[in-house]
Amino acid sequence: MSADATILAPVRSRPDIRRLSLSIARPLISIGTVFLVWEVAARAGWINAFLFPPPSAIAATLWQELLSGELLQHIGRSLYRLLTGMALAVVFGTLIGIAIGMTAWGRAIFKPLISAFMPVPTLAWTPVLLLLVGINDRTTIIVVFIAAAFEVIYTVVSGIEGMSVRLFWVARSMGASRQQIFWKIILPGIMPYLITGIRLGSGYAWRALIAAEMLAASSYGLGFMIFDASEYMTMEVIYGGILLIAIFGYVIENVIVGRLEAATVEKWGVQVAR
Amino acid sequence: MTPDVAEGSALLKERVTFALFDRAARTVKFLLPIAALLLVWEGAVRAGLAESNILPAPSMVIARAIELLDVTNPAGGMLLTHIATSLYRALSAFAFAVLVAIPLGFLLGLSGTVYRWVSPVISLLLPLPAVAWTPILLVAFGQGDVTIITVCFLGAVFPVLYSTIQGVRSVSRQSVWVVRSMGANFGDIFVRVMLPATLPALMSGLKLGMAHAWRTLVAAEMLAALSSGLGYMIFAARSYMDVPTMFVGIVCLAVIGMLIEHFLFVPLENATTRKWEGAIHVGGRR
Amino acid sequence: MLANLATTPFPRMANAKPKIVADKVRMSFGRVNAIEDVTCTIGEQEFVSIIGPSGCGKSTFLYLIAGFEKSSGGTISVNGTTVTRPGPDRGVVFQEFVLFPWRTVLRNITLGLEIQKVPRREAEERARKWIRLTGLSGFEDAYPATLSGGMKQRVAIARALTYEPEVLLLDEPFGALDVQTKNYMIRDLQNLWIEANKTIVMVTHSVEEAVLMADRVLVFGARPSSIVADVRIDLPHPRTVDDRRLREYQAEVTAVLSAEVDRSMSLERAHPA
C-alpha cells in the first residue's frame, strides 16, 4: 500500500469490521474443510480408514476418553510438567540472563558454557536423565526446563543489551542504589523481552515435552498417550492426541502468552524483534 | 623506504601481533569455564563424590570415544557407522523438505488469497512437534528409515516453508515496480527480484530447518531406529547402563550440529547475503 | 488572498508540445477519494514539481503516471498513448532508493538495460556516462549497503537514467537525506536535468526544493485533492538559493500551501479518523 493509502486507511472503518469477522470465519472454514474432506474420503473408502479414521470417529473416541477421566489425567499431567519446567526456566533463565547482561563474571562464566550446551539437541539428554533421576516427572520437567531456559536467557540478555545506558545514568543521578536500579529499572525494562522469551520458550518446551513423554513417561501425559496408543494401534487415540497437542500448543504460545505479549507491546510500545 | 612508511609498517605489524594475541586470549578465556567444569567433574568422580557408573568422568568418556572409533577393534568403528547413518537420514530429510517447502512457500507467498486460506491450517500444524507423528508412522511403516526420515522431514519443512513465505511477502512493492518500469516481464521479476530478495529469509529458514531436522532426528531414532544412528546408540546404551557411550553420543550430536552449520551455511552466507551487507564486519563474527 | 499573485487557477500552457496529459483523473481507495478530477498537461522537457499537504495523493498521482496503480476514472497519457502499465519510457526514483542489495552499484545501474536484453559490454558502456555524471565513479563495484544515503540516491537516479526513459518520475527523492547531502543532490540534479533533456515530474513536500528546481509548481489541495494552483517559475537554470526572486516565488507557493494545510487540518478536526 502506498504511503498515501496508509494515511487514508483509518477512515475505512466499516469494511474493517467485515474484514475482522472474515478473519475469524476464515480459519474455521479452512480447517473445517480439511476435516470435512477427510471425513468424506474416509467414509467413502478413498483413503485407508484404518490409517486415517474419520474425524467423527476421532471425536467420539476423545469424548469417551474424556468421560472416563483418562484424558483429563493426561492433559493435567502434561500441563503440570510444562508449568513446573517453565517456572524453573523463567526463574533461573532470568537470573542467568541478568548475570550475563550486567556482570563481567557472569559473562565470562556462562557465555562459554551456554555456547557449549546449546548445540546439544534437548531430547538427547532424556536417556541420561532417565538414568540420573529415574522414570518420573522430574525427567520430563528437566527436559522442559532445558528447552525453555536458553530462549529465556537469550531474550533477557538482548533486553538488557537493548536498554539505553542513559537509563542507568538517569537513575544513578537520582541517587538510586544497586538494588533500586535492579527493581525499578532492570526488571521492568526486561519485562517485554522476558515475555517474548516465555512465549518462544513455551513453544519449544511444549514440543520437547511431548517427545520426552514419548521417550520417558511411564504413565500419563499426552505424549505418552499417543505413543502408548501406537502399541495397541488405536489410531483414533493417536489422532485425537495429536489434535489436542496442536491445539494446546497453539493456545499456550499464541493465545495465553501471546495476549500477554500484545498487552505489553501496547502498554510500553516495545516490540521485541525476534 | 621513507621513515614514515617504515614506522607505519612497524605499527601495522604490532597491531597484527596484538590482534593475534587478543584473539588467543579471548579463546583461552572462552574455554576456561568449560575446562573448569570438566575438571571439577573429573575430580568429583575420582574423589568418589559422584558415582562413576551413573556420571562417568570426562576421561572415561574420551576413552570410550577412542574405543568406539577404533576400527581394528572388532566391536570398534561402530561410532562412524552411527554417525554416517544419522547424517544420511537428516540430510535426506532436509533435502526433501527443501524441495517441498521452497516451491510451496513461493506459491503461498505470491498469492495472498491462497495464503489467507491455507495459513490457519499451517498455524495449527506449527506448534505440533514433528515427533508427535511418530506413532502414526510407526503403525503405517513400522520402525526404520522411512519413519525416521519422514519425522525429520516434518521437523524441517515448516521452518523452511514459513521463512520462504515471510521472505516472499516482505519483498517491497516498490522493488517490483522499479523493474516493471524497466519493462520487466514476470520471469524477470521472479529471477531478478523475488528470488534474490527472498534469499536472506530463505537462508535463515534453511539453517533453522536443518537444525530442526538434526534435533528431531535424535528423538526419532530413539523411538524408531532398528539398528543404528546416534539416537539409537544413546538409547540402546541406556539398556546396558553404558553411560560413557551416551555422553559420546551427546557430544557427537552437538559437534556435528555445529559442523553442519559451519561448513554448509557459513560459506553459503558468505557467498550471498554477507557479501551484500558489505565488508563492515571484517573482524570476528557477532 | 493577495491580488498580485502570479498564480492562476488554470494552468498556463507551456510552449513545448505536451508530453504527459492527465484528464479528469480520479482515484479512490475503497470509500475514500484520494484524488478528484486532476487535469493538467506537462510539456516536453519540462521540470514540474508537485507539492501538497501530506496524504493529499500526490505520490499516488505519480504512481498513476508511472502505471503502477490504476485510476478509478479519467485518463493519463504519455506521448499520446494512454497509460495502462509501467514501461521503460518512464523511469522512477523513490524516496527509499529501492536499490537491490545483492547487486553492485554497476549491476544496479545496468539492470534496466539487462532486462531489455542489451549485451553486457554495451550496457556497461552506456552506464559509464551516467556513473560519471552522477559522481559515482570509483564506486562501481561497491554493494549498496556500504553507501551513504546520498550515494544510494545517486545510484537510484543513475539507474533510472541509464535505460534512457523519456520521463523521469521522482517521488520525494531527497526526503530521506540530511540537509547537507540534499543541497548537493539538488545542485547536481539541476545540472543533470540540463544534460539529460528529460521531462521530469517530482513530488516533494518542500517548497524550497520545488521552487528551486522546477519550471512549474503544481499545488495539490487537501483530499480529495485536485490542483489548486499552478505556478510558473520564470527563472533561468541553474538557480541558486540566494536569488531574491526565488524567495518571492517561495513565499507565494507557501501562502497557497499553508491555506490548504489549514483547510485539511480543520477538516480532520471536524471528522477525526
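Two strands count as paired where DSSP finds at least two bridges between them. Helices (H or I, at least four residues) and strands (E, at least two) are DSSP runs, numbered from the N terminus. The model is predicted: local features need pLDDT of at least 70, side-chain atom pairs count only at pLDDT 80 or more, and totals for chains, interfaces and linings use all residues. Residues are numbered from 1 along each chain as its sequence is written, chains are lettered from A in the order in which they are written, and side-chain values use heavy atoms, with hydrogens and water left out.

**Stop 1: the six-stranded sheet of chain C**

Select chain C and colour its strands. Six of them make an open sheet in the order 6-7-8-3-9-10, and the pairing is mixed. Strand 6 (90-93) and strand 10 (227-232) of chain C are at the edges; each has a single partner strand, so one side of each is left without a neighbour in the sheet. From one strand to the next the twist averages 15°. Axes here are lines fitted to C-alpha atoms, for helices over the stretch in contact, and angles run from 0 to 180 degrees between N-to-C directions.

Next select residues 47-51 and 199-204 of chain C. These are strand 3 and strand 8, which run parallel and are joined by five bridges. C:Ile50 has C:Val203 in strand 8 as its bridge partner.

Helix 1 (residues 58-66) of chain C lies across strands 3, 6, 7 (167-171), 8 and 9 (216-220) of chain C, and runs at about 150° to strand 7. Helix 4 (residues 149-162) of chain C also packs on the sheet, where it touches strand 6 and strand 7; its direction makes about 175° with that of strand 6.

**Stop 2: the four-stranded sheet of chain C**

Stay in chain C. An open sheet of four strands has the order 2-1-4-5, with antiparallel pairing. Strand 2 (32-43) and strand 5 (81-82) of chain C are its edge strands, each pairing on one side only. Strand 1 (residues 18-29) and strand 4 (residues 73-78) of chain C are antiparallel partners over five bridges; C:Arg26 stands opposite C:Gly73 in strand 4. Helix 1 of chain C packs on this sheet, touching strands 1, 2 and 4, and its direction makes about 120° with that of strand 1.

**Stop 3: chain C against chain B**

Show chain B. The contact takes 26 residues from chain C and 22 residues from chain B. The two chains bury about 2,100 Å² between them, 66% of it on carbon and sulfur atoms; buried area is the accessible area (1.4 Å probe) that two parts lose on being put together, summed over both. In chain C, C:Phe68, C:Trp102 and C:Ile115 lose the most area to chain B, together 31% of what that side buries.

The rule for a salt bridge (a side-chain nitrogen of Lys or Arg within 4 Å of a carboxyl oxygen of Asp or Glu) finds two across this interface. Select B:Arg173 and C:Glu69, which form a salt bridge with the closest N and O atoms 3.7 Å apart. Strand 6 and helix 2 (105-115) of chain C each supply at least two residues of the side that touches chain B, and helix 2 gives the most, with four residues.

**Stop 4: chain A against chain B**

Finally, show chain A. Here 51 residues of chain A are in contact with 43 residues of chain B. Chain A and chain B bury about 4,300 Å² between them, 83% of it on carbon and sulfur atoms. Zero salt bridges are found across this interface.

Conventions:
Contact means heavy atoms within 4.5 Å.
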